[in-house]
Amino acid sequence: MPTFLSPLPLSTLKLTAQRLGSATALALLLAPVPLFAQDQPTESGQTSAQSASQPSSDAATPSTASSDTTPADDTDPQNAGSQDAGSQDAGSQDVSTADASAQQNPNRPPIPLVPEKPTWDSFHGQLNAQKYSPLDQITADNVGDLEKVWEFHTGDIADGSGDTPATVWSATPVFANDTIYIGTPFYRLIALDPGTGEEKWSFDTQSSRKALTQPVLKNRGVSYWEAENPVAGEPCQKIVYMGTMDAQLFALDADTGKLCKGFADNGVLNVNQWNDTHSVWPLSVLQPPTVVGNHLMLGWAGMDWAYEQAPPGTIFSLNAQTGELEWTFQALSDEMREKSGTANVWTHMSADRENGLLYLPVSSPSPNYWGGNRTEKAPLATSTTALDIETGKVVWSRQWVHHDIWDYDINSAPTLMDITVDGKQIPALVQATKQGFLFVVNRLTGEDVWPIEERPVPQGDGSVEGEVYAPTQPFPTKPAPLLDQSEKPKIWSLADAVGGGQCSRLWNDLTYEGMYTPPTTKGEGALAYPDSSGGVQWGGVAFDPESQTAIVNTSHIVQTMKLYNREDYEEADSGSGNESGFAPQKGAPYGIRLKVAVNWLGMPCWEPPFGELVALDMHTGDVKWRRPIGASQQYGFFMPERWGSPTIGGPAVTAGGVVFIGASMDAKLRAFSLKTGEELWEDQAQAPAVANPSVYEYKGREYVAFVAGGNTILKDQVGDQVVVYALPEK
Amino acid sequence: MSQSRSFRSGIIVLLLASLAGLALSLYAYFTPLTGVDGTLGALVVILSTIALVVMTLVLAPLSCRSGRVALRVLILLALVGTGFAGLLLHQWWLTAAMVVGLIGLLLDMASPAASTTPAHS
């Protein structure tokens, strides 16, 4: 038998597979690709009314950043609820000064923001969210030799078939204190040896395994703090933190795994004690706090599709050692907090310690898809907002969606970077969004790096009662949008043929007047490309400071949004999924149905690729290269890789010129050339790696670690695997 | 004698390829990190390769001409379908096994003895 098989070269078979796979419409028959699974309401909230008037659209027309930037004064009303907000006069003046001095400082290191030593001690690797490692042992030339050095299975896994909800695991493996720390969806915290994967200790929070605010059990990992001047012999000079679905924040000694008795109530902080407005659900702490110096910056997650009125988003600054509350920040005014809610931060934040700034990716207010209860301005909602680290006062804010009625939560920490544009060094940040936009602004002032224009947007069809639409929305002129939302996406003829014209009929029954077409009650609703599935998800943008290249993965997904009046909704409601299905928006006059546009077999109605990896030259904002990433997979059948895959999770980039990423439906881990985008290496994981990978050095050897936990937005495949690779030892 | 040997070798190749396909399908379904472990697709090819084995065993002694023709058509469909499924499952060796099975089937069909001589004659 082997003699028959061996003459067939593997590469030939692979090629044949790809050609056959794509050429044959059969792929569909075998792989009814409901590309995107189902199951879930999500985190965060929604809208903010905004007048924003601006001339439309010429790429050459510089947008008036100042009119769109919200300096401190403008945000006063929004911060009325802040416990310690005080006056908001930290505004643009001071910040511009800081900007100028930062830009003119001749002593500035040539490549600022590059860590002095390899660091991967937080969700995005570093506080600047660059997801960059200066390690260069693994290079584009030798990455093909990577071998698995250890893997660890937590055992904390559920597929949702029993009493325990399915697990969704997006925890970046954190490397600190010569240890790998991970949190699990069963809310256990585990410390592992970085070289062998051997368990050092574990701690079980005994937290409820009920999906109190999510359709699934979720965990986004842990965070780490250590004292700048540790006291010898004292415990808890190094602390790891993890939150739970039921709003408890645990602080453990990083060396022993014992609770830190000096933190809050014997090592546990009840965050829900501050849940005092519309407390229809607990403030789930799924994302670990962002550690900035001796402060823990804490946001929370909830259900913003379920209710018109919900807990309003609050950021808590806590003392890292004691858990004592230092200040709070609210994105909504007192008035709006009564009528609405959320506008929370459910993902990680980034910070520029040198300039004392914390950057919040703020989500939309509740409910997600109707804004009649919140027609006034809410300039801090769906925004990137910069706060003073010490006081929580707003320094500047940029709203990326006015009066958000699309659930366009800002879902990833902005990536901080120093870039050189037209010969001028700019302290910048890039904010990726679900829409596939990359907004690039000066991180000290919030002003445009490349013009961001206010353009007129569709004003609805009059079918939605009480709604007041924003007349314009901000559009970046550079970098170009990661996907072309300017016109209705083309129908994929293959899916249309298989569906007997179903896609064409659907397209004809969908309202689309361009980007930001509002939800409607008519027909099959409005088309959104994309909506809540993104675009870019919480993995965010990676950045190589040497070549000033930004790397980002994006999904291309068409969704439909249909509003139902209350009576019709009760009849139509057939359940909810993860970024799909019905959501009641209780209290509002409308419920919403969100669907992915697929034919009866589950094939996407729009043309591939369904996901891409993109590299951008941040000197110019131009695309260096872009390529489909991964393969879509259903029932085990892989689609051709040139069709790409929707992605969740993000990349890591190294000084060795390698981009590491999982993120795709096919549950593969991949390495790409930073320079060319060529795929250099891949391996199979247990489930889609929807967490960012981490890169670390231990005892002189460079490792890359992935958590493969899956996410039901991609498909119903779960995992409990931590897997680590390195080059063979010589 | 040579015709009979040719006939038998076709059936034997087909049977071995089907058994190999079954083994590969079982491996793909039950072994972690094959990329398709526990999936419906891998289960389908387990069933299709079992069907291939059974059909081959039935084909071997079958003397009825119309029955042989019908069975060969079914086997051909199963080989092509399973081979294609192997491609989409990224189980390249499964596809290779089906190609070998196809060669076996062609050998069997090409043999004049196969259509005129009972296998056990």
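Student: Of the contacts in chain A with a separation of 6 or more, what share comes from residues 24 or more positions apart?
Tutor: Those residues account for 68%. Two residues are in contact here if their C-beta atoms, placed from the backbone, lie within 7 Å. Keep in mind that this is a predicted model, where local features need pLDDT of at least 70, side-chain atom pairs count only at pLDDT 80 or more, and totals for chains, interfaces and linings use all residues. Residues are numbered from 1 along each chain as its sequence is written, while chains are lettered from A and ligands numbered from 1 in the order in which they are written.

Student: And how many helices and strands does chain A have?
Tutor: Chain A has nine helices and 43 strands. Helices (H or I, at least four residues) and strands (E, at least two) are DSSP runs, numbered from the N terminus.

Student: Which residues touch the most other members of the largest nonpolar core?
Tutor: A:Ile239, A:Leu252, A:Leu358 and A:Cys605, out of 203 residues in that core. Strand β42 (residues 701-708) of chain A gives the largest share, six residues. Another core lies apart from it, with 36 residues, among them B:Leu79 and B:Leu87. A nonpolar core is a set of buried Ala, Val, Leu, Ile, Met, Phe, Trp, Tyr and Cys residues joined through C-beta atoms within 7 Å.

Student: B:Leu79, which helix is that in?
Tutor: B:Leu79 is in α3(B), where the buried residues also include B:Ile75, B:Ala78 and B:Phe84. Helix α3 (residues 65-88) of chain B has 24 residues and reaches 35 Å from its first C-alpha to its last, close to the 34 Å expected at 1.5 Å a residue; that expected span is 1.5 Å times one less than the number of residues. Just after α3(B), B:His90 takes a positive phi of about 60°.

Student: Switching to sheets: what's the strand order in the open sheet of four strands?
Tutor: The order is β28-β29-β33-β34 in chain A, with antiparallel pairing. β28 (542-544) and β34 (622-628) are the edge strands, each pairing on one side only. Strands pair if DSSP finds at least two bridges between them, and six bridges join β33 (residues 611-617) to β34 in chain A. In that pairing, A:Leu613 stands opposite A:Arg627 in β34(A).

Student: Why does A:Pro365 count as buried?
Tutor: Because A:Pro365 has 36 C-beta neighbours inside 10 Å. A:Pro365 sits in the loop between β19 (357-361) and β20 (383-388) of chain A.

Student: Last one: which element of chain B has the lowest mean pLDDT?
Tutor: Helix α5 (residues 112-116), at 53, whereas helix α2 (residues 40-59) has the highest, 97. pLDDT is the predictor's confidence in each residue, from 0 to 100. Over residues 115-121 of chain B the pLDDT is below 50. Where pLDDT is low, the predicted coordinates should not be read in detail. For the complex, the predictor gives an ipTM of 0.90 and a pTM of 0.87.

Note on methods. Buried ≥ 20, exposed ≤ 12 C-beta atoms within 10 Å, placed from the backbone.
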